[in-house]
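Okay, thanks for coming, everyone. Let me put the model up and walk you through how its pieces sit together.

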Amino acid sequence: MAGEEPRGANRVVAVCGKGGVGKTTVSALLSCLLSNNSGGKVLVVDADPAVGLGMALSRFPERTVNDVRKEIISAVREHSTDSVDLAASVDYKMMEIVVDAGNLAFLSVGRPEEEGCYCQLNTLLREAVEALSSHFDLTLIDAEAGVEQVNRRVMRSVSHLLLVSDTTLKALRVAESIRKVADDAVDYRKLGLIVNRARGEDDARQLASRTGLPLLGWIPEDDTVREFDADARSFLEIPSCPALEAVRSCILDSGFLS
Ligand SMILES: Nc1ncnc2c1ncn2[C@@H]1O[C@H](COP(=O)(O)OP(=O)(O)OP(=O)(O)O)[C@@H](O)[C@H]1O
Ligand SMILES: [Mg+2]
């Protein structure tokens with residue numbers, strides 16, 4: 001992809017929410033739909049150091065954003081590069097670590113060995129998303145749980161914020177607090193709530209009404225999702241099933257991404 005001209009409508013979609021609510025599942029199902037869609041080139045970003053999305057899509061890149069971080073630190077320590085060269089090489093290195101396959105490219109943040117490195121990693125991730133997203137029609141980010149990456153402005157360039165919740169009040173409250181933080185830290189154009197594992201439309205509506213969040217739709221509990229996850233099968237190969245069709249209906253057919 002290096003050397004391509006930046007594209008115009010570069011939408012950046014972030015999937016955020018409390019831990020365990022289904023962010024990676026929604027991201028993986030949406031990736032599957034986008035990979036079969038002629039809507040253009042998509043960059044999928046696993047921004048969670050727990051690398052859940054890489055597992056769900058069976059994508060295991062040899063190099064991650066964390067590897068680039070370590071390379072930069074070594075270069076600076078060895079004084080083997082000046083700051084202008086460094087800035088140019090960061091963009092180049094980011095393009096190098098994107099794994100391209102068909103119309104779906106993949107980038108993984110990776111997992112730092114020490115706690116103290118997360119701040120640097122998030123800064124680099126923000127730069128990577130900002131530099132790379134202009135080369136794609138759509139960038140999809142599976143975020144780390146909670147508000148931290150939104151708070152640290154990793155999601156600064158996000159245009160579409162997808163808040164995922166399960167049916168618990170705790171998860172709905174986390175979705176609300178992410179919206180509050182995003183109102184200050186992110187210049188988003190659209191935001192919507194997806195209630196995962198809801199029992200039906202009425203259930204989802206009633207839960208959403210406990211928040212000020214606009215309901216995009218709901219996803220049922222789905223055995224096919226459970227089986228694909230249990231067997232570590234790639235969600236890019238998941239057949240039509242209620243959860244996949246729910247994601248198609250509430251994110252694609254609703255026009256949310258337009
Ligand atoms: N609609 C669903 N039907 C069946 N199982 C589901 C559904 N949604 C999520 N799951 C299962 O619930 C578990 C948690 O989902 P997932 O990993 O997507 O959550 P997450 O928000 O990404 O979690 P984390 O915060 O740890 O990254 C997984 O085992 C997943 O397969
Ligand atoms: Mg996850």
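So, in which sense do strand E1 and strand E6 pair, and over how many bridges? E1, residues 11-17, and E6, residues 160-165, run parallel, over five bridges. Pairing here takes at least two DSSP bridges between two strands. Strands (E, at least two residues) and helices (H or I, at least four) are DSSP runs, numbered from the N terminus. If you want one bridge to look at, take Ala14, whose partner in E6 is Leu161.

Quick housekeeping. This is a predicted model: local features need pLDDT of at least 70, side-chain atom pairs count only at pLDDT 80 or more, and totals for chains, interfaces and linings use all residues. Residues are numbered from 1 along each chain as its sequence is written, while chains are lettered from A and ligands numbered from 1 in the order in which they are written. pLDDT is the predictor's confidence in each residue, from 0 to 100. The protein averages 89, with 93% of residues at 70 or more. Residues 1-8 are below 50, though, and that stretch has 13 contacts in the model beyond near neighbours in sequence. A contact means C-beta atoms, placed from the backbone, within 7 Å.

Back to the sheet. It's open, with eight strands in the order E3-E4-E2-E5-E1-E6-E7-E8 and mixed pairing. E3 (99-101) and E8 (215-219) are at the edges with a single partner strand each, so one side of each has no neighbour in the sheet.

Now the helices. H1 and H10 (residues 242-253) pack at about 80°, axes 9 Å apart. Axes are lines fitted to C-alpha atoms, for helices over the stretch in contact, and angles run from 0 to 180 degrees between N-to-C directions. That makes H1 and H10 roughly perpendicular, a label for 65 to 115 degrees (under 35 is roughly parallel, over 145 roughly antiparallel, the rest oblique). On the H1 side we have Val26, Leu29, Leu30, Cys32 and Leu33, meeting H10 residues that include Val247, Arg248 and Ile251. By class, that contact is 10 nonpolar, no polar and one charged. Ala, Val, Leu, Ile, Met, Phe, Trp, Tyr, Cys and Pro count as nonpolar, Asp, Glu, Lys and Arg as charged, and the others, Gly among them, as polar.

Then there's H3 (65-77) with H5 (118-132), at about 110° with axes 10 Å apart.

Last stop, ligand 1. What surrounds it? There are 21 residues, the closest being Lys23, Thr24, Thr25, Ala145 and Asp229, where near means a C-beta atom, placed from the backbone, within 6 Å. Helices H1 (23-35) and H9 (223-230) each give two or more residues to that shell. Its classes are six nonpolar, eight polar and seven charged.

Terms used:
Two residues are in contact if their C-beta atoms, placed from the backbone, lie within 7 Å.
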